[in-house]
Amino acid sequence: MMTKYAGKKPGFFSRVDQHVLRLLLVMAVWMVFMALTRASRFYTLINFQTMASQFPEFGLMSLGVMLCMITGGIDLSPVGVANLTAILMALVLKQLTPAVGGSLPIYAIPLVFLLGAAIGACLGVLNGLLVSKVRIPPILATLGMSELLTGVSIVITNGAAVSGLPVEYAMTVNSKIGALVPVQLVIFACMAIIVWFLLNRTTFGTKIYLLGTNPQAARFSGLKNDRLIISTYMISGITAALGGLVMLANYNSARANYGGVYVLQCILVVVLGGVSPTGGKGRISGVVLAIVLLRMLETGINRFPQISSYYISLIWGGVLLLVMVLDYFSNGRRYLRWKRKMPF
Amino acid sequence: MGRRLKQLTKRNETYVSLVVLALCLLIEVRSGQFFTANNLVDIASAMVVPGLFAVGTFMVIVSGGIDVSFPALASLTSYATTKMLLDAGYTGGVWLPILISMAMGALLGAFNGIFIGLLGLPAMIVTLGSSSVFKGVMQGALGSVQLAVIPPGMRAFGTSSLFTATNPVSGLTSRMPVGFLALVAILLLSFFIMRYTFFGRGIYAIGGNEASAHRAGFNTKRTKFLLYVFVGMVASLAGLIRTCMMQQNHPTNMLGMEMNIIAGVVLGGTAISGGAGSLTGCMLGTLLIVIVENSMILIGIPTIWKSVFVGALIIIGTGVSAYQVVRANRVRSTRRLTGESKA
């Protein structure tokens, strides 16, 4: 890098990732389109607030999936982790509510978030152990975990929804700071900043990029690959658990089968955001943009009542394939490398 | 004899069949209902659709790819076929529906094949995308709803049976569906393809090392493309048979099956990284999953525990074989003092 730009400061466009640029372009086109067709119903404060309270659910999960993908793995268990956490925390909240007419103790909500994050961390460590120590391919290990956790959730709840939560929880998480910024967005932003900091300002980030690029080189450079993998999946578990807690507030109940589509969506936004499925590449800015873009697309389409909302899955799949084909034609060589390295 | 026994202990199929056998015996001891004629026929009949899916998944995984789009593909083709024939008032036999749906399956398989085979994009991401597209086409463009009636020819095919097994004690009867013959036929066909044709050997070669296969003279692009076409056809056949056997078409109830099928195939010893695996193992692994899903009730475990067991089975099953690889590598690497080999 240094030699390439020797004596010349890199311009704005060469510093911005091409994925980010493309996402910005698509977003701009979509916003112009919405402005021309449904300006009055799309460009309202309440619409943007709604979107900002909806995307953190799967946005949080995507952050973890992204980290795992950077190490060259994948996490298919975020929804399982999220639902189990949400169910357990819903039960805790119900326990904490005084029987007669009292309100939730003040410490309850921070406690639930801490406890939820701890549960997520434990489940994430379990994933990490399976991947690093037992050496199960990540896709199978996390898939098995996801099935197992869903099963545990079903057994705990008997398949029914846990509802009747104290109103304070949903009210707090659904409230808007200064009547403007939804709390969900704040949680997402905090996590995104933490992940950005980890990736770009700590040695942990540099290490996982190296691990994803070439695990053998990472080992010979003296990195403790196993420990890195475990911490990565642990962070993924934490973000998934936070996603579950946001989901708990948005639905005001918890159930073993909520958010089933999010697994696909997480992988979709992470790949759209420019993270290479073989690892070693990807930026948080791209992923965050992809998350926001998907939400805007979905909300935008919902403004056209004559279009069935089922078309959204068609559009998502189509966009994903299109992006990969565009990549192929604009940068074909890279895929030859993918093919060599990627088992599937 | 001793050498053959030693060879057997090295094969994954041996262990899977032992686990299946142990599970069967456990269920038999607990319930006394496992080795009854009707239960065995029930399991065989429950094997038909997962078995067909597993054959396709097996071939894809051997080629070093992975396919998560087959349930969406099967749902789309079986729905479109049923709906089309219902609207046309079709009253003929089952061959036309099978032909139509397999033709559509080939087309959709080719869709996957273009991206994965010809362009060489990663199979996991492509099939995630295409399964989303197939679902969107089915639910959005076709506006799918549950079809409670299916054409008479398909219904006749679904209800006809090869023979009927009766449980002498309880008097319960089970039919062996004609669809089972389709599973047998596809199994024989894919066994022949994988073992005796250039195409089948090419699939193994590509899964082992795509670059080497290419250098050795295999047309890797064409092989992969044709593979996904074939798998699309098998999956759509399974979808149609399922519709016939259920006597109705529920567009979404196949979705989500992909993970259990993949788990079964991998449990049967197919290497997830490609290049190795046998049809016998793949069928045994699928049988294991089917037995767990169907027979838990016989030993008094409520159905809500199903996911727990399937999940644990995936983790333990893949964990044991993965750990064996780790240990083998460790022995080898301490001997040679070289680095790790990535599983």
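This report describes the confidence, fold, chain contacts and nonpolar core of a predicted model.

**Confidence**

The predictor assigns the complex an ipTM of 0.80 and a pTM of 0.83. Chain A has a mean pLDDT of 85, with 90% of its residues at 70 or more. Its residues 1–8 have a pLDDT below 50, and this stretch makes one contact in the model beyond near neighbours in sequence. Residues 333–344 of chain A also stay under 50, but there the model has 22 contacts beyond four places in sequence. For chain B the mean pLDDT is 86, and 95% of the residues reach 70 or more. In chain B, pLDDT is under 50 over residues 337–343, a stretch with 16 contacts beyond four places in sequence. Contacts drawn by the model for these stretches should be read together with the pLDDT under 50 in chain A and in chain B.

**Fold of chain A**

The secondary structure of chain A consists of 16 helices and two strands. Of its 344 residues, 48% count as buried. Among the contacts in chain A with a separation of 6 or more, 80% join residues 24 or more positions apart.

Helix α5 of chain A covers residues 78–96, which is 19 residues. From its first C-alpha to its last, α5 reaches 26 Å, close to the 27 Å expected at 1.5 Å a residue. This helix is mostly covered, with 14 of its 19 residues buried.

Most residues other than glycine have a negative phi. The two sites are set out below.

**Contact between the chains**

In the model, 48 residues of chain A are in contact with 50 residues of chain B. On the side of chain A that touches chain B, α7 (138–157), α11 (215–220), α13 (262–272), α15 (311–330) and α16 (332–341) each supply at least two residues. By class, this side of chain A has 33 nonpolar, 10 polar and five charged residues.

Chain B is divided into domain 1 (37–266) and domain 2 (307–343). The C-alpha centres of these two domains of chain B lie 31 Å apart.

Which residues have the most contacts inside the largest nonpolar core? They are A:Val270, A:Leu320 and B:Leu237, in a core of 191 residues. Helix α12 of chain A gives the most to this core, with 15 residues. From chain B, domain 1 and domain 2 each contribute at least three residues to this core.

A:Leu320 has neighbours in both chains. Leaving out residues up to four places away in sequence, A:Leu320 touches A:Leu268, A:Val271 and A:Leu272 in chain A, and B:Ile125 and B:Gly129 in chain B. In soluble globular proteins, nonpolar side chains tend to be buried together.

Definitions and conventions:
Residues numbered from 1 in each chain as written. Chains lettered and ligands numbered in written order. Contact = placed C-beta atoms within 7 Å. Helix = DSSP H or I, 4+ residues; strand = E, 2+ residues; numbered from the N terminus. Nonpolar A, V, L, I, M, F, W, Y, C, P; charged D, E, K, R; others polar. Domains from an automatic or database assignment. Expected span 1.5 Å × (residues − 1). Buried ≥ 20, exposed ≤ 12 C-beta atoms within 10 Å, placed from the backbone. Core = buried A, V, L, I, M, F, W, Y, C linked by C-beta atoms within 7 Å. pLDDT = per-residue confidence, 0-100.
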